Amino acid sequence: MLNIGGIKDGVVMDHIVAGGSMDIYRYLELEKSDACVAIIKNAKSNAMGKKDIIKIEGAIDIDFDILGVLDPNITINIIKDGVIVEKRKLNLPERVTNIIRCKNPRCITSIEQELPHRFKLTDRTRAIYRCEYCEQKFSKE
């Protein structure tokens, strides 16, 4: 069994859907960070079968809205001095800006490139968002 050590200060993102860690890595732009990042893919999980885990050592500013849209089942553990000081469950945010991009070629955001891409949550059970300008549907599937 692979053993990845704990971290002293930082963030651990647990219960990521298996294979989803690289999407989160890209969306959070962790490649631009100086933080030490460990990605564990397809770890065994009693509840999920398989899961991904991301460990980030050091102080980093994370937009939890991004994570809620990408995978609302992620558990966030904030680590200080080697101890979990906070545990967060994510929720789907009601509104998101510049996280999802509208795919509708006739949307005003395709023409007016400087406009923010704004989406509102319209179906919480199926995690469906709609563009606030043209109502184009976005879902994770």
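The following dialogue explains how to read several features of a predicted model.

Visitor: Which conventions apply to this model?

Guide: The model is predicted, so local features need pLDDT of at least 70 and side-chain atom pairs count only at pLDDT 80 or more, while totals for chains, interfaces and linings use all residues. Residues are numbered from 1 along each chain as its sequence is written, and side-chain values use heavy atoms, with hydrogens and water left out.

Visitor: In what order do the strands of the open sheet stand?

Guide: Helices (H or I, at least four residues) and strands (E, at least two) are DSSP runs, numbered from the N terminus. Two strands pair if DSSP finds at least two bridges between them. Here four strands form an open sheet in the order S6-S7-S8-S9, with antiparallel pairing. Strand S6 (95-97) and strand S9 (137-139) are at the edges with a single partner strand each, so one side of each is left without a neighbour in the sheet. On average, and with direction ignored, neighbouring strands of this sheet are turned by 35° against each other. The axes behind such an angle are lines fitted to C-alpha atoms, for helices over the stretch in contact, and angles run from 0 to 180 degrees between N-to-C directions.

Visitor: How many bridges join S6 and S7?

Guide: Three bridges join S6 to strand S7 (residues 118-123) in the antiparallel sense. Within S7, Arg118 stands opposite Thr97.

Visitor: Is strand S1 mostly covered or mostly open?

Guide: A residue is buried under 20% relative accessible area, exposed over 50% and partly exposed in between (1.4 Å probe, protein chains only). Strand S1 (residues 10-17) is mostly covered, with six of its eight residues buried. It is joined antiparallel to strand S3 (residues 49-57) by six bridges, and Ile16 stands opposite Asp52 in S3. S1 also pairs with strand S4 (residues 75-80), in the antiparallel sense and over five bridges.

Visitor: What surrounds Asp14?

Guide: Contact means heavy atoms within 4.5 Å. Asp14 lies in strand S1 and is buried, with a relative accessible area of 14%. Asp14 stands opposite Thr75 in S4. Leaving aside neighbours within four places in sequence, the contacts of Asp14 are Lys51, Asp52, Ile53, Asn73, Ile74, Thr75 and Asn77.

Visitor: Which residues of the largest nonpolar core touch the most other members?

Guide: A nonpolar core is a set of buried Ala, Val, Leu, Ile, Met, Phe, Trp, Tyr and Cys residues joined through side-chain atoms within 4.5 Å. The largest such core has 28 residues, and Met13, Ile24, Leu28, Leu67, Ile74, Ile76 and Tyr129 touch the most other members. Two or more residues come from each of S1, S3, helix H2 (64-70), S4, S7 and strand S8 (128-131). H2 gives the most to this core, with four residues. Apart from this core lies another, of six residues, among them Ile7, Val12, Ile53 and Ile79.

Visitor: How many disulfides does the structure hold?

Guide: A disulfide is a covalent bond between the sulfur atoms of two cysteines. The criterion is a pair of cysteine sulfur atoms within 2.5 Å. The structure holds zero disulfides. The cysteine sulfur closest to that of Cys102 is in Cys134, at 3.6 Å, which is too far for a bond. Cys102 is buried, at 10% relative accessible area, whereas Cys36 is exposed, at 54%.

Visitor: How many aromatic pairs are there?

Guide: A pair of aromatic rings is described by the distance of the centres and the angle of the planes. Rings of Phe, Tyr and Trp (its six-membered ring) pair if their centres lie within 6.5 Å; planes under 30 degrees apart count as stacked, over 60 as edge-to-face and the rest as tilted. The structure holds one aromatic pair. The ring centres of Phe119 and Phe138 are 6.5 Å apart and the planes stand at 70°, so the pair is edge-to-face. It links distant parts of the chain, with Phe119 in strand S7 and Phe138 in strand S9, 19 residues apart. Phe119 is buried at 1% relative accessibility, and Phe138 is partly exposed at 24% relative accessible area.
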